[in-house]
Amino acid sequence: MPEAYLALLRALSEPHVLVTRAGLVAAMNPAAKRMLGADADIGSGRPFGDLVQDTPTQTHRLLAAFARSSSPLPGAVTLRTGERIRVYGCVLSAAPGEPAELMLLRLQPQQSAASRFIALNRTIEDLTREARVRLQAEETVRASERRARFLAESTRVLLSSLDHQTTLRNVARLAVPDFADWCAVDMLEPDGSLQRVAVQHSDPDKVRLAYEIAERYPADPSSPHGAHEVIRTGRVESAAAIPDEVITPAARDDEHLRILRELALHSYIVAPLVGREATLGAITLVYAESCRSYGDEDVVMAEDLARRAGMAIENARLVAAVEEARDRIARQATELEVQTEELQAQSATLEDQAGQMEEQAAELEQQLEIVQLLNEELGQSNSAMATARAEAESARAQAETARAEAERASEAKSTFLAVMSHELRTPINAIMGYTDLLDAHVAGPLNEKQHAHLERVRSSSVHLVGLIDQVLSLARIEAGHYDIHNEPADLVQVARDAAAMIEPLVNRQGLRLQTDIVGGPVSVVTDVGKLTQILLNLMNNAVKFTKVGAIDLSLAREDGRAVFTVSDTGIGIPDEHLEAIFEPFVQVHQQMNRRAGGAGLGLSVSRQLARLLGGDLTVDSEAGRGSTFTLTVPTTAAVTAPGEGAGRRD
Ligand code: ADP
């Protein structure tokens with residue numbers, strides 16, 4: 001039974017009954033209960049005919065007449081007490097959800113003309129009131145319908161999109177103008193501030209003004225009224241009217257007060273957007289210029305709307321979170337696939353590498369075996385080498401011993417030669433001394449023949465002394481006991497002296513002596529005696545091995561050294577003997593040597609002396625075409641004091 005009809009029954013003082021088209025009692029007021037004698041068991045849903053004495057046909061006909069009339073139609077019924085009373089009836093418009101229209105029956109006892117007049121008047125008043133109530137009821141029903149439609153439409157909009165800000169704006173748009181002149185939605189930010197996501201008003205200028213106010217005069221979070229408080233408490237806040245006494249203290253300054261007054265706020269509801277765990281924001285509905293007021297049912301509707309919006313927001317967030325999670329999982333799955341492929345590729349590479357490593361390992365094993373074999377061989381050759389080394393060591397020791405022995409022998413030989421030479425010279429000197437005495441006629445005059453014999457004795461003695469000197473020189477050189485007496489000298493002079501000394505011999509042999517000596521002095525520090533000995537030896541040999549022709553002596557200066565050459569036009573020396581002639585006791589021309597004398601020591605001693613002086617002695621010769629001996633002497637040696645043994649070797 002709609003509340004509006006019950007309110008209507010309560011408002012009527014005369015007996016009234018609500019009856020359905022089917023003739024069933026829907027409700028009645030207390031006055032009707034009293035008149036019909038109805039007790040507690042008489043409730044709705046009972047046929048109206050049961051409460052009167054008329055026949056069912058009479059009752060049916062009466063109710064059918066009422067059902068066709070929308071304005072009160074008179075009739076009569078007989079009560080169960082036997083009293084005949086008047087009854088007026090008409091149809092009421094159907095409430096939403098009701099299957100059929102209801103009929104309102106007014107019962108009226110038979111009365112006098114005066115009382116009927118009064119009753120008629122009362123009836124007119126009642127009917128006037130009834131009409132008003134009915135209008136109100138109808139308006140209430142329409143309002144209820146509108147709310148239901150709005151809620152249904154809002155729910156559809158809220159569920160239509162996952163973008164909750166857009167849907168909230170759409171809900172705000174739906175609310176205006178039927179349920180609000182203003183509608184605003186504020187969402188709670190993580191930092192506790194409010195973000196205004198929607199403002200709706202039929203005038204766009206006023207929408208701009210609302211945003212401007214929100215920016216210039218942001219809601220005070222600590223205020224006991226408004227969105228902050230509603231979000232804090234989770235309870236709806238509403239006012240049927242907003243008197244100026246409320247507005248004035250709420251204004252921050254005169255300008256704010258002016259704007260608030262200009263808005264002409266009349267009534268408001270602020271409802272929390274409630275989520276499962278927390279309040280998400282608030283929706284504000286305001287009546288202003290339309291001067292309407294919010295009632296209890298509006299508050300209930302606003303609460304319902306805010307709850308649905310809260311759930312929609314949460315659902316949207318959950319869906320977004322699920323979408324994001326799904327995307328993330330899809331991305332991770334893709335990454336995993338890529339990683340799996342990479343891993344497979346790596347695993348294939350690793351398998352390849354493992355195969356290669358196995359092959360390398362096999363090769364290494366083979367090489368190891370070879371190395372082991374080589375090691376064994378090396379061990380064997382090592383021991384062979386050790387043996388060989390030991391043998392070499394013992395050979396070296398033997399050689400060392402032999403060398404030491406040879407050195408000792410050489411020393412002994414040199415000593416022997418030195419002693420022998422000395423011992424030989426003493427008697428020869430005596431021979432030569434006595435020869436000179438005889439030649440000086442100390443023992444009486446000598447005849448020609450004696451003189452010739454004496455000359456031969458002297459000549460043999462001189463030759464013998466020369467041989468002994470050469471042996472002694474060689475022995476000293478080999479023993480390393482040869483004295484060098486350096487002194488400043490002019491080699492030009494040395495050459496001239498040597499030439500002068502040999503010239504008689506050259507002439508005696510019918511040969512010529514030619515000299516080619518560099519101009520100016522060639523100053524050196526050297527052992528002049530040794531140098532002269534070498535030059536005389538070379539020129540002696542030249543005379544000895546030359547039958548016809550000339551002997552040449554030259555001296556030149558060349559690159560920091562002095563170069564003597566002694567050339568002849570004699571028999572020459574075959575190639576194969578060119579080096580051997582510098583060995584001791586080597587003679588190439590045996591026959592000539594026998595005739596001319598000599599022991600094969602001259603060149604050997606000369607070369608060793610030349611080297612002791614810092615120079616050298618070489619030969620260039622061709623058999624039958626003569627020989628050229630070249631003696632070099634360094635000229636760069638420092639000049640030292642005369643007599644000082646600069647190159648002395650002891
Ligand atoms: P020897 O006292 O026997 O001459 P040398 O050592 O002076 O000893 O000379 C060695 C040999 O070199 C000589 O026996 C001779 O055969 C050869 N020889 C030296 N000088 C000449 C030369 N000018 N012409 C040819 N042969 C030479």
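A polar contact is a pair of N or O atoms within 3.5 Å; within protein, one of them must be able to donate a hydrogen and the other to accept it. I wrote that down before opening the model, which is a predicted one.

**Entry 1: histidine 201**

I started with histidine 201 and found it in strand β7, which covers residues 194-201. Buried or exposed? Its relative accessible area is 5%, and the cut-off for buried is under 20%, so I noted histidine 201 as buried.

Next I looked up what its side chain does. It makes a polar contact with the side chain of glutamate 289, at 2.6 Å. The side chain of histidine 201 also reaches the backbone nitrogen of aspartate 203, at 2.9 Å.

Then I skipped the neighbours within four places in sequence and listed what else histidine 201 is in contact with: Val176, Asp181, Trp182, Lys206, Val207 and Glu289. So Glu289 turns up here too.

**Entry 2: two helices**

I moved on to helix α10 (residues 296-439) and helix α11 (residues 448-479), whose axes come within 9 Å and cross at roughly 160 degrees. Angles over 145 degrees count as roughly antiparallel, so that is how α10 runs relative to α11. I noted the crossing as left-handed. Which residue classes make up the contact? I got 17 nonpolar, five polar and seven charged residues.

**Entry 3: serine 414**

I picked serine 414, which lies in helix α10. Serine 414 is buried, with a relative accessible area of 5%. Leaving out residues up to four places away in sequence, serine 414 touches Ala475 and Ala479. Serine 414 and alanine 475 are 61 residues apart in sequence, but their C-alpha atoms are 4.7 Å apart in space.

Conventions. Residues are numbered from 1 along each chain as its sequence is written. This is a predicted model: local features need pLDDT of at least 70, side-chain atom pairs count only at pLDDT 80 or more; totals for chains, interfaces and linings use all residues. Side-chain values use heavy atoms; hydrogens and water are left out. Helices (H or I, at least four residues) and strands (E, at least two) are DSSP runs, numbered from the N terminus. Buried means under 20% relative accessible area, exposed over 50%, partly exposed in between (1.4 Å probe, protein chains only). Contact means heavy atoms within 4.5 Å. Axes are lines fitted to C-alpha atoms, for helices over the stretch in contact, and angles run from 0 to 180 degrees between N-to-C directions. Angles under 35 degrees count as roughly parallel, over 145 as roughly antiparallel, 65 to 115 as roughly perpendicular and the rest as oblique. A crossing is left-handed if the near helix is turned anticlockwise from the far one by less than a right angle, and right-handed if clockwise. Ala, Val, Leu, Ile, Met, Phe, Trp, Tyr, Cys and Pro count as nonpolar, Asp, Glu, Lys and Arg as charged, and the others, Gly among them, as polar.
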